[in-house]
Amino acid sequence: MAFAFLFGWLLILSSCLSVKSCLQCDQVVVYVHEDFLSTVKGITVRDQIELKQIIEHAYINYRYTSRRFHGVIDPTTLYRARTEYQSEFKRHWKEDRTDSVQWDMINIVEKGKKILQKHLEIFAAHGLCPNKCGLLYQRVMNCTSCQYGLFMCQSAMPPLDCGEHHLEADEGEEVVLDCFLPWHALVVGQNEYQYSWHPGEKNLSDEGEYEALVVTEESKIVLNQLKVNEEGIYRCLLQDQKGTTLSRMYFELKVNPLPSTTPRLIVALPSLPSGYDATLHGLQRSSFIIIVILLTVLSITGSLVIIVNLRVTMKWQEEERDSRRGGEGEDVENLELVNVTERGM
């Protein structure tokens, strides 16, 4: 039965042309097959021809397999498929080899198709066109031509809008606006984010006048020391190097004013009577100031006079006490002298 299956393969191969597919686009896979054909031992020329036809037919099957998944593959997925197939190819010829080299080749290339299909399924489900919004030109390889190109991934209507975010902060605080999405990393070439602002409330999708704020390669900006008049609608556009808008995101910002402090009591002065002469009031005020100055000078002068008189009085009293002490001393000396005289007589 195995020979019948092999004969059927050879009949199909005789009418097939050589085509390129995903795995054959990788030169490592091509070299693996060519090295095997040139180094395998114990086969005839006819065996080599049949092995080459089996490989060529496998490439056709790989092409049909890739068409079921959009016919494209990205470099990462191709690398994973090639690495797994290369490892399985080497293991197969060491461990699972039979007496028929043709049958062994059919088994391994069929396993290569399953490996390719597994990785293409994952890529189609999660890697191809990962953008749920916006417009993405993803770099992929065409599995038929083996040429890289841009695959357009456009979301449903509206095509560019990628969400609306409502933010709220107190006056004086800061907020961070960030419109980065994971698929932005797949954008080919240089891209930039453009932030603009429209004051007040409005329809977010309204394409009215927006005031440009900043153009940057970074996806986020920080608004510091917020003021109440800075609230409104902020718009973020991702544009490629050609100026094509790839995604659009809105931020509606509300700034809460700080609570007002306790008002101070302000005493209202009575209004001036009618006929009030401001010039006369100024003269009276000047006279009052002069009088205050004169009284101050007199007070200081009087204080100085009192201090001087006190010092003079205190000095006079000290001198008088000293003079009294001196007179008492002389009387004592005279009394002692009289007593001595009387004793001598």
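## Strands, salt bridges and a surface patch

Strands β1 and β2 (residues 135-142) run antiparallel and are joined by 2 bridges. Strands here are DSSP E runs of at least two residues, helices are H or I runs of at least four, both numbered from the N terminus, and two strands pair if DSSP finds at least two bridges between them. Keep in mind that this is a predicted model, where local features need pLDDT of at least 70 and side-chain atom pairs count only at pLDDT 80 or more, while totals for chains, interfaces and linings use all residues. Residues are numbered from 1 along each chain as its sequence is written, and side-chain values use heavy atoms, with hydrogens and water left out.

**The sheet**
- The open sheet has 3 strands in the order β1-β2-β3, paired antiparallel.
- β1 (72-73) and β3 (148-154) are the edge strands, each with a single partner, so one side of each has no neighbour in the sheet.
- Ile 73 has Met 141 in β2 as its bridge partner.

**Salt bridges**
- There are 9 salt bridges in the structure, each being a side-chain nitrogen of Lys or Arg within 4 Å of a carboxyl oxygen of Asp or Glu.
- Glu 88 pairs with Lys 111, with the closest N and O atoms 3.0 Å apart.
- Since Glu 88 sits in helix α4 and Lys 111 in helix α5 (residues 101-127), this pair ties together parts 23 residues apart in sequence.
- Glu 88 is buried at 17% relative accessible area, whereas Lys 111 is partly exposed at 30%; buried means under 20%, exposed over 50% and partly exposed in between (1.4 Å probe, protein chains only).
- Asp 96 and Arg 91 also form a salt bridge, at 2.9 Å between the closest N and O atoms.
- Glu 88, Arg 91, Glu 95, Asp 96 and Lys 111 are linked in a salt-bridge network.

**A buried threonine**
- Thr 77 belongs to helix α4 (residues 75-95) and is buried, at 6% relative accessibility.
- Beyond its neighbours within four places in sequence, Thr 77 is in contact with His 119 and Phe 123, where contact means heavy atoms within 4.5 Å.

**The annotated span**
- UniProt's unreviewed entry annotates residues 288-310 as "transmembrane region"; the positions follow the numbering used here, feature names are shortened, and annotations may be inferred rather than shown by experiment.
- Residues 288-310 are 100% helix and 0% strand, with end C-alpha atoms 33 Å apart.
- Ile 293, in helix α6 (residues 278-344), is partly exposed at 49% relative accessibility.
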